[in-house]
Amino acid sequence: MAERRTRGPGAHHEERRHQIADAVLAIVAERGLAAVSLSEVAVQAGISPGRVQHYFPAKRQLIEAAFERGNALSSARVRERTGRDLDAAEPRLVLTVVLTELIPYDATTEAHLRVRQSFHAFAFADETIAARLRVLYSDLHGRLGDLIRVGQRAGHVSAGLDARRTAVALVALAEGLAANVLIGVTSADDARESVLGAVADLYAA
């Protein structure tokens, strides 16, 4: 695999994209998704509107960049909470952390999940985005299914369960609860407890 560039124009380009994506996330956290515009992002990022437009010509592309950035930051938080080597971490812990990371618990995660939910809305009318999300979810469901299978082999999870189907259901539960948190139907604490309860039930074999 090619070594990631840390210097030169390529690194600067990636750093600028992160700067802009972080500005989008900050605006969403403070004022909501409706406040995102090329001019507002430029002010937040401390650069010119023309520079923002150079990297992201349309609002949808700004949301897409924030979606990618939010996912990357979320993955980093998962590693911080489970250990840098996910393969060496306890499978139930990784499963729990990944699922609870889908529930907003502070301004940063709320912004990320608002962007994430909005990106899903784009997918309803855009097959390109929908296809991309299907790939991402296929990977997520596969990884969580693998964790569940480890629990099955160890006798901690019922062998009769379909691991992948169970992973799909758990992710859907977490994201559905997250949507309810974001619109004020339920609290983040209650949503988290529901997810933790579902994981506990899974390991009650």
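I took the pocket definition first: on a 1 Å grid over the protein atoms alone, a pocket is an open set of points where a 1.4 Å probe fits, with protein on both sides within 12 Å along at least five of seven lines, and lining residues have an atom within 4 Å of a point. The model is a predicted one, in which local features need pLDDT of at least 70 and side-chain atom pairs count only at pLDDT 80 or more, while totals for chains, interfaces and linings use all residues. Residues are numbered from 1 along each chain as its sequence is written, and side-chain values use heavy atoms, with hydrogens and water left out.

**Entry 1. Second largest pocket**

I looked up the lining of the second largest pocket and found Arg116, Gln117, His120, Tyr137, His141, Val168, Val171, Ala172 and Glu175. I noted a volume of about 180 Å³, a volume being the space filled by probe spheres set on the grid points, which are joined across faces, edges and corners. H6, H7 and helix H8 (163–182) each supply at least two lining residues; helices here are DSSP runs of H or I, at least four residues long, numbered from the N terminus. H8 gives the most, with 4 residues. By class, I recorded 4 nonpolar, 3 polar and 2 charged residues. In this scheme Ala, Val, Leu, Ile, Met, Phe, Trp, Tyr, Cys and Pro count as nonpolar, Asp, Glu, Lys and Arg as charged, and the others, Gly among them, as polar.

**Entry 2. Largest pocket**

For the largest pocket I noted about 870 Å³ of space. It is lined by 29 residues, of which Ser75, Val98, Asp139, Leu140 and Arg143 are the closest to its centre. Two or more lining residues come from each of H4, helix H5 (91–100), H6 and helix H7 (127–153). H7 holds the largest share, 11 residues. I recorded the lining as 16 nonpolar, 4 polar and 9 charged residues.

**Entry 3. Aromatic pair**

I searched for aromatic pairs, taking rings of Phe, Tyr and Trp (its six-membered ring) with centres within 6.5 Å, where planes under 30 degrees apart count as stacked, over 60 as edge-to-face and the rest as tilted. The count came to 1 aromatic pair. Phe67 and Phe119 are stacked, at 4.2 Å centre to centre with 25° between the planes. The pair links distant parts of the chain, with Phe67 in helix H4 (residues 59–82) and Phe119 in helix H6 (residues 107–123), 52 residues apart. I found both Phe67 and Phe119 buried (under 20% relative accessible area with a 1.4 Å probe, protein chains only; exposed is over 50%, partly exposed in between).

**Entry 4. Val115**

I then turned to Val115, which lies in helix H6. Val115 counts as buried because its relative accessibility is 0%. Leaving aside neighbours within four places in sequence, I listed its contacts (heavy atoms within 4.5 Å) as Leu25, Val28, Ile63, Ala66 and Phe67. Leu25 is 90 residues from Val115 in sequence, yet the two are 7.7 Å apart, C-alpha to C-alpha.

**Entry 5. Helix H2**

In helix H2 (residues 38–45) I found Val41, Ala42 and Ala45 buried. They lie on the same side of H2 because they cover an arc of only 105° around the axis, taken from the directions from the helix axis to the C-beta atoms. Ala42 counts as buried at 2% relative accessibility. Beyond neighbours within four places in sequence, Ala42 is in contact with Ile47, Ser48, Pro49 and Val52. I noted that Gly46, with a positive phi near 75°, follows H2.
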